[in-house]
Amino acid sequence: PTDYLTKVVVQGKQSTTTPVSAIMTAASKLLTVPPAASVVDVMSLMTDHNIRHVPVVDGGSYLGMVSIKDVVQTMLEEHREEVGRLQEYISGGY
């Protein structure tokens, strides 16, 4: 959305005639992660570079895309699991 807004809407270009190549991130500037990257590493990369999507690449092959939503969902699930374990421990059911 940000690339689209700054490179199409703000510049008064038309969506129907503007090629995707005019708004996409250049390959030389693209930040990627390998499949073994941790969620924390991806979250740090996103935060440090103010980005919301990171391609997952292995040996030059595109495998998928991680979004900030994916990262937040994973962190939230881990947090909920940890809270559950702590509640079990406190109640003596651990």
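Two strands count as paired here if DSSP finds at least two bridges between them, and strands (E, at least two residues) and helices (H or I, at least four) are DSSP runs numbered from the N terminus. On that basis, strand β1 (residues 53-58) pairs with strand β2 (residues 61-67) in the antiparallel sense, over six bridges. The model is a predicted one, where local features need pLDDT of at least 70, side-chain atom pairs count only at pLDDT 80 or more, and totals for chains, interfaces and linings use all residues. Residues are numbered from 1 along each chain as its sequence is written, and side-chain values use heavy atoms, with hydrogens and water left out.

Back to the strands: β1 and β2 make a hairpin with two residues between them. Aspartate 58 sits opposite serine 61 of β2, and in the turn glycine 59 takes a positive phi of about 60°. Further along β2 comes serine 67, which counts as buried because its relative accessibility is 14% (buried is under 20% relative accessible area, exposed over 50%, partly exposed in between, with a 1.4 Å probe and protein chains only). Neighbours within four places in sequence aside, serine 67 is in contact (heavy atoms within 4.5 Å) with Met46, Arg52 and His53.

Now for the nonpolar core, meaning a set of buried Ala, Val, Leu, Ile, Met, Phe, Trp, Tyr and Cys residues joined through side-chain atoms within 4.5 Å. The largest one has eight residues: Val33, Val42, Leu45, Met46, Val54, Val56, Val66 and Val71. Two elements, α2 (39-49) and β1, each give two or more residues to this core, and α2 gives the most, with three.

α2 and helix α3 (residues 68-91) pack at an angle of about 135° with their axes 10 Å apart; axes are lines fitted to C-alpha atoms, for helices over the stretch in contact, and angles run from 0 to 180 degrees between N-to-C directions. The two helices are therefore oblique to each other, given that under 35 degrees is roughly parallel, over 145 roughly antiparallel, 65 to 115 roughly perpendicular and the rest oblique. Val39, Val42, Met43 and Met46 of α2 meet Ile68, Val71, Thr74 and Met75 of α3.

Finally, the loop between α2 and β1 holds asparagine 50. Asparagine 50 is not a glycine, yet has a positive phi of about 50°, and with a relative accessible area of 73% this residue is exposed.
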